[in-house]
Amino acid sequence: MKYYYRLIFPFLVTLTLAFSKFYFGTESKDWEGAFAYLPHINTLLIICGFTWCLLVGMQIVKKLFLKQYDISQEDNLRARKVLTQINMLVKIANFIIILLGIGLILVSFDSVRKVGVGFFASAGVAGIIIGFSAQKAIGTLIAGIQIAFTQPFRLEDAVVVEGEWGWIEEINLNYIVVRIWDLRRLVLPTTYFLENPFQNWTRTSADLLGSVFLYTDYTVPFDELRKELDRILETTPLWDKKVKVLQVSDAKEFTVETRILVSAKNSPTAWDLRVFVREKMIEFIQKNYPESLPKTRVEMTQKPIAKS
């Protein structure tokens, strides 16, 4: 019920203005001087009030829809999808409402109305001129609408854009705001995401696999590393108990590359889990198998001296 309170004041103001126009309608035609402008000013205020009511009404409808979805839940894929669509639809509706309101205000002036008739008479040439001059702005607006419905990403999706990792914070009709992991903000036009490739880590699910690479000597015991990995994961709540793999992924000239794969419930947790596993595995090797740390071998041989 508290959402409807915001509509009471603009509705009462608009209703009062409309009643005054109806009540003084016939009498106002005889007003002179400064009072002669009051009927037109009243009309403008009614248009503004009606536009105000529609904008507030759109916000109420938005809150009523979003009340059914909780984006703070762990499994919030559907909530983020609905939130993204509703936000974009409300912004499009607000844009149209404001545009119509401005149009009605302009049409209420006789001089503007006459210019409008002449403008529409030459709409062919004028349309071409405006189309070329506003091509980029219109393209950006259409891109925002396309993103709202196709949803290559949603609010709070984890993405990698321009080499930066972060979350989608705002989706507007003409620009997107990405919250970088270090709290910087990357602002990009909506057309960027339709024309350039980017990574979306949470497109269908928030679950992620994190990888950790270790470089050790050939003498390292892999079975012991696997046992230690099991022990580390069982002691941390960061692991979601789905994936744990330790494999030798490469053998180089001086070292062996060991890859560890672990799973987590979302991207921030996956990052923390990777850092934690890497630190604990290195400590384990340092304490128990220091001879297996990377080293460079040099073999020196002595040739027998030839007897003269």
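Predicted model: local features only at pLDDT ≥ 70, side-chain atom pairs only at ≥ 80, totals over all residues.
Residues are numbered from 1 along each chain as its sequence is written, and side-chain values use heavy atoms, with hydrogens and water left out.

Strand β3 (residues 175-180) runs antiparallel to β4, and five bridges join the two; strands here are DSSP runs of E with at least two residues, and helices are runs of H or I with at least four, numbered from the N terminus. Two strands count as paired if DSSP finds at least two bridges between them. The open sheet that holds them has five strands in the order β4-β3-β2-β1-β5, with antiparallel pairing. Because β4 (185-189) and β5 stand at the edges with a single partner strand each, one side of each is left without a neighbour in the sheet.

## The three-stranded sheet

A further open sheet has three strands in the order β6-β8-β7, and its pairing is antiparallel. Its edge strands are β6 and β7 (244-251), each of which pairs on one side only. On average, neighbouring strands of this sheet are turned by 25° against each other, direction ignored.

Nine bridges connect β6 with strand β8 (residues 256-264) in the antiparallel sense, and within β8 the bridge partner of Ser211 is Leu261.

## Thr202 in its loop

Thr202 lies in the loop between β5 (199-200) and β6 (208-216). Thr202 has a relative accessible area of 6% and is therefore buried, a class that means under 20%, with exposed over 50% and partly exposed in between, for a 1.4 Å probe and protein chains only.

The side chain of Thr202 makes a polar contact of 2.9 Å with the side chain of Asp157, and a polar atom of the Thr202 side chain also lies 2.9 Å from the backbone nitrogen of Ala158. A polar contact is a pair of N or O atoms within 3.5 Å; within protein, one must be able to donate a hydrogen and the other to accept it, and residues adjacent in sequence count only if both atoms are side-chain atoms.

## Packing of α1 and α2

Helix α1 (residues 5-23) packs with helix α2 (residues 38-66) at an angle of about 155°, and their axes are 9 Å apart. The two helices are therefore roughly antiparallel to each other, where angles over 145 degrees count as roughly antiparallel, under 35 as roughly parallel, 65 to 115 as roughly perpendicular and the rest as oblique.

Conventions: Axes fitted to C-alpha atoms, helices over the stretch in contact; angles between N-to-C directions.
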